[in-house]
Amino acid sequence: MPRHPSERGQPPEPGLLILMSLAEGPKHGYAMIEDIAQIARVRLGPGTLYGALARLEARGLIEPLPDEERRRPYRLTGLGREVLGEQLASIQQIAEAGMRRLAAV
Amino acid sequence: MHPRLLVRLYPSRWRRRYEDEFGALLEQESWSARLIVDVVAGALAARLDPYPVSPREERAMPPRRMETAGAFAATLLVLPALVLLASAAVRLMQPTQYQPAHAADEIFNWFATLHAGPAVLELGPILALGLGLLVLWRRLSSDADLRKDMGALLAVSGRLLRRPALVAGLFAVLGSLAVLLVVVDHAIAG
């Protein structure tokens, strides 16, 4: 039995979760996993995290910072911030439309 | 097996970029079946869909088009000689009224009508050898990860060859399978 409403649906795309996590400020891999587990109740595995990080970096949405004892922090680029804003606005629009329909039933 | 060893499953280009930080992250995670499945799936995804290269990395990478074209040209140069030798060997194995010796005989005779023996069997392989060595040298001299992988492959092969029982067992299994396949093929073909 799901303990939280968010556990009933599919977890959001790892790339979106990473962008959301980095919107708060630069983070390295482990900090992102912990942060995402808190905000979305989804614990990304290291393979999933780095698969998404590589794609986001290649698309220019995030960028690496100098490493700190083998742990490399990443931060959002200007483009990443813009794309995250667009994606969240789109999700919000869909969610609001869905809630209006639910309320009308 | 330590999860860190799983990083070896990723392609060398991916490792060159992410191995250190990914390894550091794995060291912080606790060992579990879920972790292994996640890392193996990530490695498989990185191999099936090689990790995308950012424009900055793309610019930093040496162009490989010439090397790829050279490698394919070398293969095409040596291919006719291999086909000719294979058909010569097959037509000797059984009477030529039966397949596959019949097809091999046809191929061999077609080559003979071309009068291109020296070109196919000497010039082509010599050019292919030179071109192939050049491509290998260029690729190996510019890619440290590839050199490391080749070294590891040679070391593993050397260790295997030093175990005669393993080599003999492998030979027996593969040899038996090949013989059984031929027998089954003949039984089906009557």
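**Figure 1. Where chain A meets chain B in this predicted model.** Let's start at the contact between the two chains, to which chain A gives 17 residues and chain B gives 22 residues. On the side of chain A that touches chain B, helix H3 (29-40) and helix H4 (46-58) each supply at least two residues. H4(A) has the largest share of that side, with 9 residues. Sorted by class, the residues of chain A that touch chain B are 5 nonpolar, 6 polar and 6 charged.

**Figure 2. H4 of chain A crossing H1 of chain B.** Here we look at one pair of helices from the two chains. The axis of H4(A) and that of helix H1 (residues 12-28) of chain B come within 11 Å, and they cross at roughly 150 degrees. An angle over 145 degrees counts as roughly antiparallel, and H4(A) and H1(B) are therefore described that way. Their crossing is right-handed. From H4(A), the residues that make the contact are A:Pro46, A:Tyr50 and A:Ala54; from H1(B), they are B:Tyr18, B:Phe22, B:Leu25 and B:Leu26. This helix pair is joined by 7 nonpolar residues, with no polar and no charged ones.

**Figure 3. The covered helix H2 of chain A.** Now we move to chain A itself, which has 5 helices and 2 strands. Along the sequence these elements follow the pattern α-α-α-α-β-β-α. Of the 105 residues in chain A, 30% are buried. H2(A) is mostly covered, with 7 of its 9 residues buried. Those buried residues are A:Pro14, A:Gly15, A:Leu17, A:Ile18, A:Leu19, A:Ser21 and A:Leu22. Their cover includes H3, H4, S1, S2 and helix H5 (78-104) of chain A. For the chain as a whole, among contacts between residues at least 6 apart in sequence, 48% join residues at least 24 apart.

**Figure 4. A closer look at A:Ile18.** This residue is found in helix H2 (residues 14-22) of chain A. Why does A:Ile18 count as buried? Because A:Ile18 has 29 C-beta neighbours inside 10 Å, and the cut-off for a buried residue is 20 or more. Leaving aside residues up to four places away in sequence, A:Ile18 touches A:Met32, A:Ala52, A:Leu53 and A:Leu56.

Figure 5. Is A:Arg41 partly exposed or buried? With 13 other C-beta atoms within 10 Å, A:Arg41 is partly exposed. A:Glu69 counts as exposed because it has 7 C-beta neighbours inside 10 Å, and the cut-off for an exposed residue is 12 or fewer.

Methods:
Residues are numbered from 1 along each chain as its sequence is written. Chains are lettered from A and ligands numbered from 1 in the order in which they are written. This is a predicted model: local features need pLDDT of at least 70, side-chain atom pairs count only at pLDDT 80 or more; totals for chains, interfaces and linings use all residues. Two residues are in contact if their C-beta atoms, placed from the backbone, lie within 7 Å. Helices (H or I, at least four residues) and strands (E, at least two) are DSSP runs, numbered from the N terminus. Ala, Val, Leu, Ile, Met, Phe, Trp, Tyr, Cys and Pro count as nonpolar, Asp, Glu, Lys and Arg as charged, and the others, Gly among them, as polar. Axes are lines fitted to C-alpha atoms, for helices over the stretch in contact, and angles run from 0 to 180 degrees between N-to-C directions. Angles under 35 degrees count as roughly parallel, over 145 as roughly antiparallel, 65 to 115 as roughly perpendicular and the rest as oblique. A crossing is left-handed if the near helix is turned anticlockwise from the far one by less than a right angle, and right-handed if clockwise.
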